[in-house]
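Here are my notes on the model you passed along. Have it open beside you as you read, and check the points in order.

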Amino acid sequence: MNFFTLDAGNYGFFLGALLLSLVVIAVYKDWLLLTPALVVQYLVMAVIANDLNNTAARVMLGPTPLAVFLKGMSGVVAGLILFLTGYAILFAARGFRREEAEAEASGLGGLRRFFYREEAARLNRFRYVDYLLPLGAVVIAVGATYALTTLLPFSGNFLGDFSFYLLGSVGIAIMVVGRDILKLGAGLLVSLNGADLLYSLLRNGDSPLVLGISATITILLALLISYLAILYHSKMKTLLISEGVRRQRKQVS
Amino acid sequence: MQFVILALPFLMTFFVLVFEGIFRPDRFVFSRTLGVVWPVATLLVEIVLIWQPTANSPDGAFVFSTLSRIFLSFLFGLTGVALVVSYITGFLLSGRFSPATLAICGTLIAALYISNIFLVTLFFVLAGFFSIVALVDVDTENEERFVRAIKASVRYLIAIVLFGLTLFIALIFLERLRLDPQLSGFIQVVVALSVVGFSMRLAIFPFNLWLPDVIEEAPGMAAFLVVGLINVAAVVFLADFWQENPTLIYDNYRIAQPVMIMALTGAVFAGLMALGQNGIGKMIAYTVSGDFALILFGLASPHRTGVNGALFEAVNLALLQLLIFTCLSVVSYCSNGISINNLTGLGRRMPVAAIGLLVGFLGMVGLPFLSGFAGKYLLLQSAAQEGLVWVLAGGLALGLFLIAYLRYFHRVFMGNDVPGLKTLPEPPTAILLILVLVFFVLLLGLWPAPVLGWLDAALRGVA
């Protein structure tokens, strides 16, 4: 089976994988699911972009087209960076909890820690709305994608138009409903992937330099998100921006 | 030669990072000093290299337009001053500002040097990424400011990625249009996407949501990197882009007119918003947004005076923003980091910063004998060529800026002194720098002809 070519046998598989990965990125907060979904999305888009690229002047890296290689690799590296960031934050949070437990055991707990625990419990509580809102946003984005694909087609290829609009609209939906820095970053990466697809769709001829810089931008964006997330978490012990602002307002009042 | 021009700033960035990693600037004074010397020396070398006749490659892959050369040299000169001010006001302690500044300058050189227009877009996005490192370089002990700085940076990050995306998509459609001129409907798509993209980059109303928080919360000189360096370089790119593709705007008045209306409306709304702000940084952000809107108006205008005025205004904006942020940094340094919004009556304590800030504010409004006058005059002249309503709208925007500036200046510098406030004296080097900048503002206001002549000649070269 040739993985770089779409055919009747694997068409549904790739489209399903794309949709599923987008839903996972939009809805879930868990890093163990979110970052692999991002990698899967990049790999699927690499295959779709490769199949839709009808350019005659193809740059190859051995048997693999350069565009596929760079897109796949940038996705893997970006996913890895975000995964390690999520892992580092989890690790730091675990250390913080251990310190807290030790302080509690040695009688250094006090009222302040009690309130902190209350607040953490409130934040970490399972709420349906946290999942329903992103899911609703994805459903609206998919609806908008279908409408845009049928009303404003531009490339002459349904799959290409659909994938581009899907990535753009779901990326924006993730940014709109996302509450933490890493989630916003994932939304940006999804939108960026859409622009790369458009480049493959409408451009005549691959430019290795553009493809390379584009892959670099993806990786640097992931690094920047990781930097901001770690910087913020190290000080505020949360990734939710609104939570940090709320806490400061409470302190001021 | 081309490799040296492109690689030197990045190699120096790496070197400064390693050097400051070994000799931490918060521990070693010489490291802090060298943190200014290395980047300033690099920028001076780059200015020399940019003007070398062999800089442009024969195959056309790497070309500096005269406009790019003039602006890059000017902007790098201002960046050098910004680095010195950062050194004086103790902003180089963390060791992040110098490398971030050098990396931004490197990406801007690449953006205005490489002919591949797709790469240019990507380099502007990269410059935005590097500027975020400087924006979040705030004191983490002040939690409230830290949270706001991160929030502002995330907003800015979203804006620059969306700017890159829209411009990238516009360029893809432009190339499609070049291959098949029959697809004339794509012209509107390309113009709409490029205008939205640049409005996001330049923070033109209503795409300016990210700017107020960035200027309010970021350290002064980091804000200069965003509005005075990257945004002005983006104006140069936009001017070049529209001059090289006249079918988009200049030969197409039907498309240019909505862009001009959007820009002027944006300037008026920005002026109105500036009046209602509760922080000086936010007020400056809205007036800067309005000024960029006027620049966009000039660039989209079909009259030569408009384009010349827009470019001169870009020069003025960079110079005045450096002056304003220098004065604000000095105020922040002398008042030991207390937010300027909580202070009054600083004019007696910091007279030079007060004079500098007043000159900067009045220059931004375009008062005669100051550097802002010639640019604003040409822009209003261009608006007058369109009709009375246009020039009245431009005048209204400037009037609103003036009220906003004077209101804040009066509150912070002319009010009653804060009892018990302990301030440091203004550093002599900072006083000297402010006076030098004020001198240039006056010089450019009294004698703008040479700069206008250079810009006009450079524009003719592009066209």
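1. Ground rules. This is a predicted model, in which local features need pLDDT of at least 70 and side-chain atom pairs count only at pLDDT 80 or more, while totals for chains, interfaces and linings use all residues. Residues are numbered from 1 along each chain as its sequence is written, chains are lettered from A and ligands numbered from 1 in the order in which they are written, and side-chain values use heavy atoms, with hydrogens and water left out.

2. The interface. In chain A, 36 residues are in contact with 34 residues of chain B (contact means heavy atoms within 4.5 Å). Together the two chains bury about 3500 Å², 82% of it on carbon and sulfur atoms (buried area is the accessible area, with a 1.4 Å probe, that two parts lose on being put together, summed over both). Between chain A and chain B the count of salt bridges is zero (a salt bridge is a side-chain nitrogen of Lys or Arg within 4 Å of a carboxyl oxygen of Asp or Glu).

3. Helix H2 of chain A. Residues 31-52 make up this helix (helices are DSSP runs of H or I, at least four residues, numbered from the N terminus). Its 22 residues should span 32 Å at 1.5 Å a residue, and the end C-alpha atoms are 31 Å apart, which agrees (the expected span is 1.5 Å times one less than the number of residues). Of the 22 residues of H2(A), 16 are buried (buried is under 20% relative accessible area, exposed over 50%, partly exposed in between, with a 1.4 Å probe and protein chains only).

4. The whole structure holds five salt bridges over all chains. One of them joins B:Asp137 to B:Arg96, with the closest N and O atoms 3.1 Å apart. B:Asp137 lies in the loop between H5 and H6 of chain B and B:Arg96 in the loop between H3 and H4 of chain B, so the pair ties together parts 41 residues apart in sequence. B:Asp137 is buried at 8% relative accessibility, and B:Arg96 is partly exposed at 31%.

5. How far apart are the closest N and O atoms of B:Lys376 and B:Asp291? They are 3.3 Å apart, in a salt bridge. This pair links helix H14 and helix H11 of chain B, 85 residues apart. B:Lys376 is buried at 4% relative accessibility, as is B:Asp291 at 1%.

Terms used:
Helices (H or I, at least four residues) and strands (E, at least two) are DSSP runs, numbered from the N terminus.
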